[in-house]
Amino acid sequence: MANDTQLALWEVFIQSKSGGHHVHAGSVHASDYKMALQNARDVYTRRNEGSSIWVAPSSCFSASGPEEAEMFFDPAEDKLYRHPTFYTMPEGAKQI
Amino acid sequence: MDATAVQAVFQDKIEQDLKIEPKDPMPDRYRAHLIRQISQHAHSEVIGMQPEGNWITRAPSLRAKQILLAKIQDEGGHGLYLYSTAETLGISREEMIEQLQTGKAKYSNIFNYPALTWADIGAIGWLVDGAAIVNQVALQRTSYGPYARAMFRICKEESFHQRQGYEIMANMMKGTTEQREMAQDAMNRWWWPALMMFGPHDKDSAHSGDAFKWRIKRKTNDELRQKFIDKTVQQAEVIGLTIPDPDLKWNETKQGYDHGEINWEEFKRVINGNGPCNKQRMEHHIRYHEEGAWVREAAAAYHEKFPTD
């Protein structure tokens with residue numbers, strides 16, 4: 001068992017329909033990108049869920065942490081004026 | 001894959017109305033067309049920050065200042081989405097910036113006009129962003145996947161830009177005589193350049209043929225311009241502004257407005273570098289690019305020192 005390896009972890013992104021975004025689906029283990037793509041296909045698109053797959057080594061990802069989330073996203077919280085509903089439109093104006 | 005095979009695979013996808021993705025086969029001319037269009041779109045967002053930035057410190061209230069800052073911040077963000085989109089086609093950010101600064105790549109002509117009064121900030125949001133939105137909504141259906149997705153995001157975010165501009169105009173029209181005159185003056189100066197944003201008439205449009213064949217473009221310059229005029233006239237009337245076009249007339253048959261002659265001589269003059277602010281816009285961009293070099297150098301030096309951070 002000393003030499004056992006589960007191989008490296010890869011993150012998988014699936015584009016379900018042509019034109020859509022690639023959305024994170026999960027991860028797979030693989031020794032290289034080719035194996036990662038094939039494993040991702042077998043694990044995540046057995047029912048035609050995909051039209052395209054991206055894989056990237058998990059070690060390449062950085063993620064923001066839950067403990068800092070409040071402070072991290074705070075700047076967006078009090079800016080209601082970034083939304084169209086903030087503005088008063090004159091009575092009768094159309095298509096605005 | 002040779003050029004003929006590429007063409008066949010590509011054209012088949014286009015006919016089926018499927019999106020083209022970065023790794024799909026595509027003709028060189030399609031790639032070049034997109035790089036030109038998307039990079040110029042990006043440059044327009046970035047240069048477009050200048051006429052409005054001019055008013056941040058002079059906004060008439062804290063509310064107005066916060067809104068203007070948020071809008072300009074969005075424009076910068078939209079430039080970044082678009083630069084990234086162009087990068088998927090194999091051009092680097094450095095090359096694009098160089099093309100802008102050497103005049104090889106253009107940006108929307110409209111940003112070569114100055115924002116003279118606070119009413120101009122209203123007119124820019126309402127008319128310039130209004131025209132841009134008409135154009136960008138149509139581009140949500142463009143054939144290049146990353147570009148179409150960027151357009152969805154941008155349109156969603158821009159929905160407040162036009163409303164904040166219209167709100168400024170509406171408020172000024174409820175104000176003093178001077179404020180109403182100021183609003184009308186801004187309308188008079190921005191209306192025609194806004195119509196020019198859609199580009200030359202269909203019969204004179206140089207790049208249109210390929211753009212339609214490749215479904216980069218779905219609607220013609222004149223169709224989009226018509227759409228913009230038809231929705232804007234009513235909005236002007238509601239707040240008491242006059243469209244500065246004596247020939248503007250409702251056409252019952254086409255269920256749209258006929259408009260007067262656009263001054264294409266002025267359009268050509270401005271696009272060829274002789275507008276009121278061309279020189280200033282480029283000098284400003286180059287100056288801040290160069291003055292910001294130390295930030296990029298410091299970031300690179302930090303990375304070299306702490307490569308795993």
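I began with the largest pocket: 46 residues line it, and B:Gln40, B:Asn135, B:Met197, B:Phe198 and B:Gly199 lie nearest its centre. On a 1 Å grid over the protein atoms alone, a pocket is an open set of points with protein on both sides within 12 Å along at least five of seven lines, and lining residues have an atom within 4 Å of a point. The model is predicted: local features need pLDDT of at least 70 and side-chain atom pairs pLDDT 80 or more, while totals for chains, interfaces and linings use all residues. Residues are numbered from 1 along each chain as its sequence is written, chains are lettered from A and ligands numbered from 1 in the order written, and side-chain values use heavy atoms, without hydrogens and water.

I read the pocket volume as about 1200 Å³, the space filled by probe spheres set on grid points joined across faces, edges and corners. Which helix gives the most to the lining? I found α6(B), with nine residues. Helices here are DSSP runs (H or I, at least four residues), numbered from the N terminus. Among the others in chain B that supply at least two residues each are α2 (28-47), α4 (62-87) and α7 (145-173). I sorted the lining into 19 nonpolar, 15 polar and twelve charged residues.

Next I looked for cavities, where a 1.4 Å probe fits but cannot get out. I got one of 30 Å³ or more.

Then I turned to the interface. I count 20 residues of chain A in contact (heavy atoms within 4.5 Å) with 23 of chain B. The chains bury about 2000 Å² between them, 59% of it on carbon and sulfur atoms. That is accessible area (1.4 Å probe) lost on being put together, summed over both. A:Tyr81, A:Tyr87 and A:Ile96 supply 30% of what chain A buries against chain B, more than any other three residues.

Conventions:
Buried area = accessible area lost by both parts, 1.4 Å probe. Nonpolar A, V, L, I, M, F, W, Y, C, P; charged D, E, K, R; others polar.
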